[in-house]
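Work through the exercises below. Each has a task and a stepwise solution.

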Amino acid sequence: MNPSLPHLTDALLTLDERVATLTFNRDDLRNALTGSALIDDICTVADWVNRCDDVSVLVMTGAGAAFSSGGNVKDMAERGGDFAGDVAEVATRYRRGIQRIPLALQAVEVPVIAAVNGPAIGAGFDLANMADIRIASTRAKFGETFLNLGIIPGDGGAWFMQRLIGYQQAFELTLSGRIVGAEEAKTLGIVLEVVEPDALLPRAQAMAARFAAQPPKALRLTKRLMKMAQRTELKDFLDLCAAFQGMCHNEPEHLEAVQRMLAAQKR
């Protein structure tokens, strides 16, 4: 039995035709991840997706002007909230707070699409990079701005970005702290597509629907393989592929898909 939609505090969640859409809903804070409940909401949804067989794709987007402004700069200025205390206290808050997001999203078993509706700055940029695919509105902007504030990407951003666009380009963006627009982000390989604002969510959901139409168990296994390929030696990876393929060949969804293909060829 699949769980019902989880209760969220600062985000909205919908489920339609196997596509879950998570909308960050703190426009008053430009969807900042700290100083809000968005960390808990994101991690709650990531766990729910893995337990809900009715979900095949997760889309993340922001309500209002921003995708996410990242850390709450006002709290930083006041040495309050997640940024209060000595070295050990701050480190503990990072581990128990924002660092839960990369671990949770890295473990999501279905494709994750970030529909970046506006600025994705600092940890908000890193959050977008944790998705499998990014589609950007023409209003989107991206900035790895931590050094501008005299801090480092404490949420794991340096790990994700260089795997996405390569070490050299990630290094330049991180050390310069500059803001790039949607078209440059596409050129760099940060985003897959750039669309007009009104077309953003429909385009992301259309892509999600195409993914969600695939056999659901094989879809989840394929996502796992894509992640494991990044950290597994070829011989071990091929052994894993063989085991996963054996699982697929024994699933009813495989035979159903084969029959659909054969029927289509007869038309």
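**Exercise 1.** How many disulfides does a search of the whole structure find?

*Solution.* This is a predicted model, where local features need pLDDT of at least 70, side-chain atom pairs count only at pLDDT 80 or more, and totals for chains, interfaces and linings use all residues. Residues are numbered from 1 along each chain as its sequence is written, and side-chain values use heavy atoms, with hydrogens and water left out.

Step 1. Apply the cut-off: a disulfide is a pair of cysteine sulfur atoms within 2.5 Å. The search of the whole structure gives 0.

Step 2. Check cysteine 52. Its nearest cysteine sulfur belongs to cysteine 43 and lies 18 Å away. Cysteine 52 is buried, at 1% relative accessible area (buried is under 20%, exposed over 50%, partly exposed in between; 1.4 Å probe, protein chains only).

Step 3. Check cysteine 248. The nearest cysteine sulfur is that of cysteine 241, 10 Å away. Cysteine 248 is also in no disulfide, and counts as buried at 17% relative accessibility.

**Exercise 2.** Find the domains and describe the area buried between them.

*Solution.* Step 1. Read the bounds, which come from an automatic or database domain assignment. Domain 1 is 11-213 and domain 2 is 216-265. Their centres, over C-alpha atoms, are 29 Å apart.

Step 2. Count contacts (heavy atoms within 4.5 Å). Domain 1 uses 15 residues and domain 2 uses 6.

Step 3. Take the buried area (accessible area, 1.4 Å probe, that two parts lose on being put together, summed over both). The value is about 910 Å², with 44% from carbon and sulfur atoms. Gln106, Glu109 and Asp132 supply 46% of what domain 1 buries against domain 2, more than any other three residues.

**Exercise 3.** How many salt bridges are counted between domain 1 and domain 2?

*Solution.* Step 1. Use the rule: a side-chain nitrogen of Lys or Arg within 4 Å of a carboxyl oxygen of Asp or Glu. The count is 3 salt bridges.

Step 2. Look at one pair. Lysine 227 forms a salt bridge with aspartate 132, and their closest N and O atoms are 3.9 Å apart.
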